[in-house]
Amino acid sequence: MSSGNTINHRPVIRIQNIWKAFEGQQVLSGLNLDIYKGETVVVIGRSGCGKSVLLRHIAGLMSPDSGEIFFEDEEITKFNRKKLFKMRMHFGMLFQSSALFDSMTVGENVALALVRHSGFSMEKVNRIVLEKLELVGLADVTGKHPSELSGGMKKRVALARAVVMNPDVVLYDEPTTGLDPVMAGVINRLILSLQKELDITSIVVTHDIESAYRVGDKIAMLHDGKIVYEGTPAQVENTDNHLVRGFVTGQLGTEASM
Amino acid sequence: MKLVFLIGRFFLSFIEETGAVILLTFRVLKRLPKVLGNLGTLFAQMERIGIGSIPLVFVTSLFVGAVTAVQAAYQFYGYVPLRYLGAVVGKSVTLELGPVLTALVVGGRISAAMAAELGTMKVTEQLDAMEMIAIDPIEYLVVPRIIAAVIMLPVLVVFSDFIAILGGMLVARFSLGVDFHVFAYGLKLLFRYQDVVGGLMKTFFFGFVIALMGSYYGFSTEGGAEGVGLSTMKAVVSSCLLILVFNYLLATIIFQVIFALE
């Protein structure tokens, strides 16, 4: 199942039988997923199938109704806020809406985590911020406010902010949604190069199958609250699993409604 | 049957919200010392709440003082000499009108701004983003706002007291024919410093309530633009209502117990 040679046999993140319902609507129903160190797992599925909810559970932004989530063998659903914050120092997250702090400049957005947590001098903080912004090709917009940036630029700044603390795990919520194909390609390349340069474990949720093929070591399909298929991009392309085929070809769910 | 259901749901949500507000209050109190690590935000908020509200408070107080003088003179007519006008204006302003009206107008302004700002941050995932970089939004956003409001509201009320009395004096002099020194005589005649202090004591609580309601409804915003609008409205309505309720309770405690006339 695994590809690449940096991958260990112990999962960094282990999700076991999690269930979550919102106002009576079951979103996750007994979901299991293991994520190994250094790999990029792409979770695909239709809009509204609970992909973002899954990501929020891994980040500790939501807690399941039942089930367990382990980060490096520690059960995170039982964490108090202090331990949760400590865990999040190892995490970076790219939000679907970028979620840049609009009262701050680009530089301040990227610097905030360092200023609050690292204890580095301002020169060092500025140097790291510039370095991360160079990584996403935006070192020249440090003084601008998020409202002055395009959607693609916001995504890249948000990406720089997500990796500023050199996280072990980066969570991507629909990284290419709402971007033109060229910018989506730029983001895909960035995800790959960040993973290569910083050796991070990545979890990407997307319904953009092209993006999934490009960045994924492993693709997992979420359907009806469960992971119904796991495989490498090559396996996904050749699978005869009807759910995966249906999703890739855009036929999933339409048979029933026709 | 449906009515019973609706009433039940209303009470349940009322109890739930009250509980959530009390919980937020405890969370804020626990994190108060953390403001020392975030003085920049504190000063920015103090400027926004304090300096930013001065024009509003100035105009409100001037006219409140003016109308108090006019109405007092109207009630005095034929019974009480106008040399006592200053006493009534001074008492009304320092005890009630200054603190309460300032809290209401500043409360509307501040709680709306806070609910809209924090609510927008909530619906655009900025609060989650803050959580993800291991910064506690209550510590980073709510605590400085509450402390700033608690510090600045009393300052604004002192300003308001002066301006309102000035408004009363101007009306007394130019419209009612009461000279400045006659007005001042009345003002001094029944003056108790406890009135001013008691009035100001209330405003610490008002400041807390204003910022707490703005923050609470901001943080509990759901949905998009409509949700932000709804939260803003709830923040203004609830902070105004709570100011009036607390005003009664605090007036009872302060003027019947602490500063009671012997």
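Predicted model: local features only at pLDDT ≥ 70, side-chain atom pairs only at ≥ 80, totals over all residues.
Hi everyone, let's begin with the open sheet of six strands in chain A, whose order is β6-β7-β8-β3-β9-β10 with mixed pairing. At its edges are β6 (91-94) and β10 (226-231) of chain A, each of which pairs on one side only.

Residues are numbered from 1 along each chain as its sequence is written, while chains are lettered from A and ligands numbered from 1 in the order in which they are written.

Helices (H or I, at least four residues) and strands (E, at least two) are DSSP runs, numbered from the N terminus. Two strands pair if DSSP finds at least two bridges between them. Axes are lines fitted to C-alpha atoms, for helices over the stretch in contact, and angles run from 0 to 180 degrees between N-to-C directions.

Strand β7 (residues 169-173) of chain A runs parallel to strand β8 (residues 201-206) of chain A, and five bridges hold the pairing. One place to look is A:Val169, which has A:Thr201 in β8(A) as its bridge partner. What packs on this sheet? Helix α1 (residues 51-58) of chain A does, touching β3 (40-44), β7, β8 and β9 (218-223) of chain A, with its direction at about 155° to that of β8(A). Contact here is between residues whose C-beta atoms, placed from the backbone, lie within 7 Å. Helix α9 (residues 242-249) of chain A lies across β3, β9 and β10 of chain A, at about 95° to β9(A).

Now the other sheet. It is open and antiparallel, with four strands in the order β2-β1-β4-β5 (chain A). The edges belong to β2 and β5 (74-75) of chain A, and each has a single partner strand, so one side of each is left without a neighbour in the sheet. Strand β1 (residues 11-22) of chain A and strand β2 (residues 25-36) of chain A run antiparallel and share nine bridges. Along β2(A), A:Leu31 faces A:Ile18, and A:Ile35 faces A:Ile13. The two strands form a hairpin with two residues between them, and A:Glu23 in the turn has a positive phi of about 45°. And α1(A) turns up again here: it lies across β1, β2 and β4 (66-71) of chain A, at about 60° to β2(A).

How is chain A divided? Into domain 1 (11-90 + 169-175 + 201-258) and domain 2 (92-166), with bounds that come from an automatic or database domain assignment. Taken over C-alpha atoms, the domain centres are 26 Å apart. Nine residues of domain 1 of chain A are in contact with ten of domain 2 of chain A. On the domain 1 side, the largest share, four residues, comes from β7(A). By class, that side has six nonpolar, one polar and two charged residues; Ala, Val, Leu, Ile, Met, Phe, Trp, Tyr, Cys and Pro count as nonpolar, Asp, Glu, Lys and Arg as charged, and the others, Gly among them, as polar.

Next, a helix pair in chain A. Helix α3 (residues 106-117) of chain A and helix α5 (residues 151-162) of chain A pack at about 25°, their axes 8 Å apart. They are therefore roughly parallel (angles under 35 degrees count as roughly parallel, over 145 as roughly antiparallel, 65 to 115 as roughly perpendicular and the rest as oblique). A:Val106, A:Asn109 and A:Val110 in α3(A) meet A:Val157, A:Ala160 and A:Arg161 in α5(A). This contact has four nonpolar, one polar and one charged residues.

Finally, chain B, with nine helices and zero strands. Along the principal axes, its C-alpha atoms fill a box of roughly 65 × 55 × 40 Å. Helix α6 (residues 137-174) of chain B and helix α8 (residues 193-219) of chain B cross at roughly 145°, their axes coming within 8 Å. Their contact divides into 16 nonpolar, four polar and two charged residues.

And where do the chains meet? Ten residues of chain B are in contact with 15 residues of chain A. The chain B side has five nonpolar, two polar and three charged residues. Thanks, everyone!

Technical notes. Contact = placed C-beta atoms within 7 Å.
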